[in-house]
Amino acid sequence: MKTMTTTFACISLISLCSFTVVAHAQSACKRVDDTSGPLPARSAQALQNATPEALAAFRQLSLDPPRGKIVDGHLTLIDNNPWQIAMIRAVVPEPTRSQFCGGSIIANDWILTAAHCVKNSVVREDPTRVEIIAGSSQYAIGGERLKVAAIHTHPRYNQATMDNDFALLRLQTPMTKGQIIALADAKTDLRDGTTMCVSGWGAISEGGPGAIDLLGAEVPIVSTPVCNAPASYNGDILPSMFCAGKKEGGVDSCQGDSGGPGSAVINGRTTLVGVVSWGEGCARRLKYGVYSRVSTAAEWIATTLGR
Ligand code: ARG
C-alpha cells in the first residue's frame, strides 16, 4: 500500500508533542503513530477536564499502556473515528469505567452495536445496566457518559448461530460529542478486497489485555465462499455476516471490540458496513474476523428509528 508520512509539530497544551501521522491513500482508517512519551497529545483535553479521582484512576491504568495493537493495529484518535463509542457497565460508578463492547453513533440519540453485547450476563437487555462513552480516545477518561433509555435486539438474532447479531440503543439524552456515521443500505455491495477499518478498545492479543487508547486496524473484506471453506468456518457464515482479515492472520478485532464499527469508503463516503461480531480466537490463520453485515439490517434499523 502506498503511504505518505507527514510530521506535524503539534500546537497543543503538551509542549513536546511532535507526532507522525501516516495517512494511507484511499483508506478509511487514519493512524497516529505516537512517539511522544507516556501521556502524549491524545490526552491533553481529557486530562485537563478530569477530576483528581479520574486522573488517579487513569494514571493507574496508564502505568504500562498497551500500544500499537487491536491485534496488530495502530493507535488512532476519536477524531478519526468520531462515531465510535464504548459500552460500559452502569453499576461501576465514576471515576472507574468498565468497558465491555463498542458501538457506533448512527443518530444523535441512537447507537448500533451487536446483539451479543446486550443479550449477556452483564446487560440482560436491561437499559439501566449499560451506559456509553462518546467523544473520547480513552474510554476510561473524558468524553461524555450517557444513559440508555431502551434496547432493541434484532428480532431474528440467534444466539446459537450468531445470525443477525445487531442491537440498537436509544439514549436518554442526545449526544453532544461524537459524530454520526452513514449506514450501508440494502443495496450496498461489499467487494472482496475492499479495505475495512475496524476500531475499539478490545484485547490486543487473543486472551490479552484491553487497550487504553482507541486502536484501529485495516482488514481486507473476504468473500463468503472463501470464509465458508472447510479450513475456515465450514459453512457457518450466513447472509447476515461477512468476513474480513488476512489469510495468514495477524491482524484482527478481538474480545471487547464487539459491537464496534467496521467502516469502508463506499462511493467516496465513509460508511458503516460491519459490526464486530465473532471469530475463532483472534488473528488466527484462516480464521477471519466475522462481522454483522449492516446492509442486511438497514430496513430493521430504519423502522426501529422511525424514519
Ligand atoms: N465476540 C467478541 C466480543 O464480544 C468479538 C470477537 C471478534 N473476534 C474476532 N476474531 N474478530 O468482543
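What is the mean pLDDT of the protein chain? The mean is 84, and 79% of the residues reach 70 or more; pLDDT is the predictor's confidence in each residue, from 0 to 100. This is a predicted model, in which local features need pLDDT of at least 70, side-chain atom pairs count only at pLDDT 80 or more, and totals for chains, interfaces and linings use all residues. Residues are numbered from 1 along each chain as its sequence is written.

Contacts join residues whose C-beta atoms, placed from the backbone, lie within 7 Å.

| Stretch | pLDDT | Contacts in the model |
|---|---|---|
| Residues 61–69 | under 50 | 16 beyond four places in sequence |

Where pLDDT is low, the predicted coordinates should not be read in detail.

Now to the fold. The protein chain has four helices and 17 strands, taken as DSSP runs numbered from the N terminus (helices H or I, at least four residues; strands E, at least two). Of its 307 residues, 47% are buried, that is, with 20 or more other C-beta atoms within 10 Å of their own, C-beta atoms being placed from the backbone.

The largest nonpolar core holds 81 residues; such a core is a set of buried Ala, Val, Leu, Ile, Met, Phe, Trp, Tyr and Cys residues joined through C-beta atoms within 7 Å. Ile132, Ala167, Leu169 and Ala244 touch the most other members. Strand S13 (residues 215–222) gives the most to this core, with five residues. Beyond four places in sequence, Ala167 has contacts that include Thr113, Val118, Ile151 and His154.

How values were computed:
Contact = placed C-beta atoms within 7 Å. Buried ≥ 20, exposed ≤ 12 C-beta atoms within 10 Å, placed from the backbone.
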